Amino acid sequence: MKRVFIFSLLCLACSVNVLYGQDNDRQILAEQDLLGTARYTALSGAMAAVGGDVSAVRDNAAALGVFLHDEITVSLNWQTKGGDTRLGATNAAYLFNHQSKNLESKVVSNSFMIQYQRLNNFYRRYSLENSNVPTSQTDYMAQSISGITLGALQEHGWSNHAAWIGKFGYEGYLIDPVDTVSSNADYRSILENGESVNAMIEVKERGYLDEYTLGWGMNVNHKWYVGLSLNLRVLDYSKNTYYDEAFSNGKGYGLETSVDMHGVGFNANLGAILKPFDWWRLGLALQTPTWYNLKVDTYSRLYSDAVNPQ
C-alpha cells in the first residue's frame with residue numbers, strides 16, 4: 001500500500017511594514033491594470049498632460065484643475081483575465097468645481113474631488129504541464145539548504161524561513177545528505193542522473209487593489225493647472241498554488257502553498273500642467289512612494305510518497 005507523508009508549515013498573522021519577501025508577491029503591489037473611465041482606458045492612460053478626466057488624477061493631480069464644472073462619474077468594466085471573467089465598477093467619483101467670482105483674479109476655479117478607483121483585479125487562474133523534464137524542484141530544494149548543517153536541519157523548531165522548501169524536501173525524503181554526520185552541509189536530490197519527471201502546476205488568484213482619493217486642483221488663467229491628491233490604497237489578495245512532480249520511478253510529491261495579503265497603503269501626488277499654447281500642454285507630476293502596512297499569512301503543505309521505508 002502506498003505510504004504518504006505529510007509535512008506542513010503554518011505562519012499566522014505575520015504583520016509587516018515592508019513588502020512581502022518573495023519577488024512575485026512584491027510585484028502585485030506595483031502592478032496596475034489599465035482601469036478607469038472609458039475615456040482614460042480608450043487613450044491607454046496617456047492623459048498626464050491632458051487632464052480633464054478623474055482617472056488621470058492617478059498619474060497627475062493637476063488633471064483636476066482642467067475641469068470647469070461639477071461632475072459625477074461611474075464606470076463599469078467587463079474584464080477577462082487568466083480564464084476569469086468579471087463585471088464590476090472600476091471608477092466612481094464626485095467632483096465639485098467652484099468658479100472664482102473675482103473677475104480680476106487670475107485664479108479661474110478650484111476643483112475638489114472624492115474618488116474610488118480599482119487599480120488591479122487579481123482574479124485569474126491557470127495551469128501548466130510538462131513531460132520528461134530533465135530537472136526537478138528537488139534539485140532546488142537541495143541547493144536552498146546548502147551550507148546548513150545536518151544537525152541544524154534536524155532540530156525541532158527550525159525557523160530558517162528563507163530555506164523552508166529545503167526543510168520540506170528533507171522531511172519528505174526528497175533530498176538526502178551527502179554524508180550522515182551532523183556537520184554535513186551538502187545535500188542532493190533522490191533522483192538519479194538521467195531520471196526525468198512529469199511536472200504540473202495549478203495557480204488560482206483572487207482579490208483586488210483599490211484606491212480612494214481626496215483631490216484638489218486649481219486653474220490659473222487657463223495657462224497653469226496645479227493639483228494635489230491624497231490616496232489610500234486597500235489590498236486584498238490571495239494565491240493558492242499546487243505543484244506536482246511524478247518521477248519516472250513511480251514515486252513523486254505534491255506541494256501546496258497559499259499566500260494571503262491584506263492591508264492598506266498611503267501615498268500623495270503633486271502635479272502641474274502648463275499650457276503655453278492651445279495645442280501644447282506639458283505635464284509634471286511628483287508621486288511619493290506608497291507606504292504599506294500589511295498582514296501576510298502563508299501556509300505550505302508537502303505530500304510525498306518517497307517516504308523512508310523503515
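**A buried serine, a hairpin and a helix crossing**

Ser-258 counts as buried because its relative accessibility is 13%, where buried means under 20% relative accessible area, exposed over 50% and partly exposed in between (1.4 Å probe, protein chains only). The model is a predicted one, in which local features need pLDDT of at least 70, side-chain atom pairs count only at pLDDT 80 or more, and totals for chains, interfaces and linings use all residues. Residues are numbered from 1 along each chain as its sequence is written, and side-chain values use heavy atoms, with hydrogens and water left out.

Ser-258 lies in strand E10; helices (H or I, at least four residues) and strands (E, at least two) are DSSP runs, numbered from the N terminus. Leaving aside residues up to four places away in sequence, Ser-258 touches Lys-239, Asn-240, Asp-297, Thr-298 and Tyr-299 (contact means heavy atoms within 4.5 Å).

Strand E10 covers residues 252–277 and pairs with strand E11, residues 280–287, in the antiparallel sense over seven bridges; pairing requires that DSSP finds at least two bridges between two strands. The two strands form a hairpin, with two residues between them. Phe-277 has Trp-280 in E11 as its bridge partner.

Turning to the helices, H3 (residues 137–144) and H5 (residues 164–171) pack at an angle of about 110 degrees, their axes 7 Å apart. Axes are lines fitted to C-alpha atoms, for helices over the stretch in contact, and angles run from 0 to 180 degrees between N-to-C directions. H3 is therefore roughly perpendicular to H5, a label for angles of 65 to 115 degrees; under 35 is roughly parallel, over 145 roughly antiparallel and the rest oblique. Gln-137, Tyr-140, Met-141 and Ser-144 in H3 meet Ile-165, Gly-166 and Gly-169 in H5.
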